[in-house]
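Let's take a walk through this model, from the overall fold to the places where chains meet. Have the viewer open as you read.

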Amino acid sequence: MFLEARGIIKAFGAFRAVDGADLDVTQGEIVGLIGPNGAGKSTFFNCLAGDAEPTAGTIRFLDRDVTNATPEVHARLGMARTFQVPVTFEDMTVVENVMVGAFLRHHHRAGAMRKAEEVLEFTGLSHLAGSPARSLGTPGRKRLEIARALATEPRLLLLDEALAGLTPAEVRLAIELVRRIKGLGITIVIVEHIMEVILSLAERAVVFHQGKVIAQGAPRAVVDDPAVIAAYLGHHMKRVRM
Amino acid sequence: MILLQVTVSGLLMGSVYALFSSGLTLIWGMMNVVNFAHGDFVMLAMYAAFFAFTLLKLGPIFFIPGAAAILFVLGVVVYLGLVRHVAKGPMLAQILGTFGLALVLRYAAFWAFTANFVSLPSNLAGGTFDFYGLRIEASRLLAGVLALVITTGMHLVLTRTALGSRLLAVAEDRNAAMLMGIRPDRMQAVAWGIGAASTGVAGALIALFFYVSPTVGESLSLIAFVVVCLGGFGSVPGALIAGLGIGVIQALSAYLIGAVYQDVIVYSLFLLVLWVRPQGLMGTN
Amino acid sequence: MKQWPLVLIGFLFIAAWPLLVDDVFLQRVGALVLLAAISASAWNLLGGYAGQVSVGHAVYFGAGAYASLVVYTELGWPPIAGAPVGVAVSLAIAALIGTPTFRLRGHYFSMATIAAAELFRILAANWPLLGAAVGLMGPPVPRTVADLSFLSPIPYHYLFLAVLVVLLTLTWKMQRSRMGYYLAAIRGGDRAARSLGVPVLRYKLYALLLSAGFTSIAGSLYAVMVGFIDPDSALGILISVKLLIIAALGGAGTLFGPLVGAMILIPLEETTNAMFGGGGTGITFIVYGAIILLVARFQPRGIAALWEAITTRRASRVP
């Protein structure tokens, strides 16, 4: 199995943010994690990325146990992520931000630079390469995060609400970018609030509610699942389906 | 008996530590900015008390609230003129800003008042009590008890009053507080005022029984950091327990190992605790 | 680096300084500027490039200074021979303090460094081997040239300049290598850096070891030149603060920031000291305090940012 999480529990004191969740991801697919606010999908996501240690359960990536591995090890093994609120290296230029990622596989400056330029080209940021990263707005920062993650040459990309806060036009551009990333043979797990994104992008949706997976399958089918509708209290879903 | 004596005087001192550390913890908890000049605020209050008495012939009943008022104003001014601006900048700027302030205050005092140690007459608050062989100076007793009362009062204000809940709302979530019609800037200025006023009272109390010098603030700042880190930042009850604890540990180690090593013990303990629990002894994370 | 000609002119000026001025006081100021630049550049490796604001670098400065004079008082060696000993001690202390402290975030880290430094100062002030509160003296008269005890500041000037050039060259190389990028990423945010595969703790430790080693060398050079140290002048908290102020004024995390900061602050300090005599220390620190207060308030990224704003067109906001 490409990525396999079994019985993940993450407790904060008595509260279980994730309460026995399982997930299987096969190579090459796009999986969407959805659920109402506070459903535990972000915490689960952080466990996958090695940013939070699960209280119980196991995570295997490419047949290696990575349950307690650090984020650095995840990156080296080929798992990259973005953050919900982009963390831009403010003092650096755009290309330098991406070079930090590229240095993982290219130890010399020239090689890292080449890789970074290639990624900037792919993500459509080439024209901003020399600009200070702090001059970017939110859409630019989100795209830069994806570029930085791609520069680590991952096999699995974890996107944490990479499209939240974008205008509809920007969302379309981002969806197109994610499709092209998949075209590179990179597997993608995406946490997303916007149903529309999951419906048009994901091949499989996994629904979280109260720390548990309550449904999964083709996005269209999942959306019609009564348990899912109940979890979302209906209204949000219905509006999307109309 | 001697150990009891030492412990009691440690508790009385610790209660004053708790008082000014509560001010630091309030500021820190409110806006995640550390005041490196906190101990120097205490030093200023000590001088305020000293000059109020020697120049204006004012007794403790006047100079304790007086020092609190002066320091309250200073706290608000420092917030509006400096902290409000550096809080937005990089962390280095925050450290530089209040550290710069500390240097200015410390060496301005050095320049204005000279490096000589001065002190108030030791019988200002009365003589020495004798409880079944336990000897306690009235000035220390007054300082300790009053500090305890005011620290507790501060906690009550924070937890039981409208002002307190508005302060905590800003500490919790600035934006949400703004939506509720609270002006975060004003609340933070108030927090700096209260935080500095706590050093005002504490300084006036310490001046009752301790010598005053320009550099006394340096070690008091460090003690406040230790107390806040151990007590968990933002927590007044935490500061109270940690302050009392540090007072006792200091007094006991001064008695058992020697006065020069009392701070070695305190700092070692501090480092040890930070290494074992990076979020502080009572902090939750 | 489009400013190479300017840098070259600057260094030529610094190299020629003691020959341009005939006055021993001014020559001495020149040497002290370079010494301060070495110390602050060393601090800058950790505090500037890696963004870990240490307020306890006096420990490493003191280790170097004390090692130099202890090898003289105990073994009769020339003080400079203590430099490697100081570096070894500093590296050991750095590894000991650094490994646990780097888990601390932000202000906690700064406070831990202050507490650790104060701890060492109190211990040194009570340790007879280190001269306790009185301190230590170097050779009163030079025995051989190896004692590096000169009346003129000029030999010190060139010795310090050589060390500074080595340090800045190394820093420049570091800045352009993987390590430079990784430190900048760590400064930008631990969590994001780790997600990109940056071994954060290891790189912080590398930066600290480099920084501590060079700060220690600066301490040794100070002891060699001044020939007398005590707990306050070698280990006091004001030493730590000075390094930080000098670097921050010029621009923390920039190659020449610390040198520029030293070129402003040290002449100022020496002038006030000369004007007000012994009592000048107070005035000096009022001025120091006021300067960093104003820098923090109005120009938090130091003179370097000002320079950047002047030389490059402000990049407009882009999507």
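Predicted model: local features only at pLDDT ≥ 70, side-chain atom pairs only at ≥ 80, totals over all residues.

A residue counts as buried here if 20 or more other C-beta atoms lie within 10 Å of its own. Keep that cut-off in mind for the helix α3(A), since nine of its nine residues are buried.

## Chain A at a glance

Chain A has 10 helices and 10 strands. Its C-alpha atoms sit in a box of roughly 55 × 40 × 30 Å along the principal axes. How does the radius of gyration compare with that of a compact globule? For 242 residues the globule rule gives a value near 18 Å, and chain A has 18 Å, so the two agree.

As for the inside, 48% of the 242 residues in chain A are buried. If you take the contacts in chain A with a separation of 6 or more, 63% of them link residues 24 or more positions apart.

## The six-stranded sheet

Chain A holds an open sheet of six strands, in the order β6-β7-β8-β3-β9-β10, and the pairing is mixed. Which strands sit at the edges? They are β6 (79–81) and β10 (212–217) of chain A, each pairing on one side only. On average, neighbouring strands of this sheet are turned by 20 degrees against each other, ignoring direction.

Zoom in on one pair: β7 (residues 156–160) and β8 (residues 187–191) of chain A run parallel and are joined by five bridges. In that pairing, A:Leu157 stands opposite A:Ile188 in β8(A). Helix α1 (residues 41–49) of chain A packs on the sheet, touching β3 (30–34), β6, β7, β8 and β9 (204–209) of chain A. The direction of α1 makes about 150 degrees with that of β7(A).

## A buried helix and its partner

Back to α3(A), which is mostly covered. Among its buried residues are A:Val95, A:Glu96 and A:Met99. The buried residues of α3(A) pack against α4 (109–123) and α5 of chain A, together with α7 (178–188) of chain C.

Two packed helices are described by the angle between their axes and the distance between the axes. For α3(A) and α5(A), the axes come within 7 Å and cross at roughly 35 degrees, and the crossing is right-handed. On the α3(A) side, A:Val94, A:Asn97, A:Val98, A:Val100 and A:Gly101 do the meeting; on the α5(A) side it's A:Leu144, A:Ala147, A:Arg148 and A:Ala149. Sorted by class, this contact has six nonpolar, two polar and one charged residues.

## Where the chains meet

Chain A puts 31 residues in contact with 23 residues of chain C. The elements giving two or more residues to that side of chain A are α2 (71–77), α3 (94–102) and α5 (138–150). The residues on that side divide into 15 nonpolar, eight polar and eight charged.

Which of the two touching pairs of chains has the most contacts? That would be chains B and C, with 35 residues of chain B in contact with 35 residues of chain C. On the chain B side, α3 (60–86), α4 (91–113), α9 (216–231) and α11 (262–276) each supply at least two residues, and α4(B) gives the most, with 15 residues. By class, that side of chain B has 28 nonpolar, five polar and two charged residues. Chains A and B, on the other hand, do not touch: their nearest C-alpha atoms are 9 Å apart.

How values were computed: Residues numbered from 1 in each chain as written. Chains lettered and ligands numbered in written order. Helix = DSSP H or I, 4+ residues; strand = E, 2+ residues; numbered from the N terminus. Rg over C-alpha atoms; globule rule 2.2 N^0.38 Å. Buried ≥ 20, exposed ≤ 12 C-beta atoms within 10 Å, placed from the backbone. Contact = placed C-beta atoms within 7 Å. Nonpolar A, V, L, I, M, F, W, Y, C, P; charged D, E, K, R; others polar. Pairing = 2+ DSSP bridges. Axes fitted to C-alpha atoms, helices over the stretch in contact; angles between N-to-C directions. Left-handed = near helix turned anticlockwise from the far one by under 90°.
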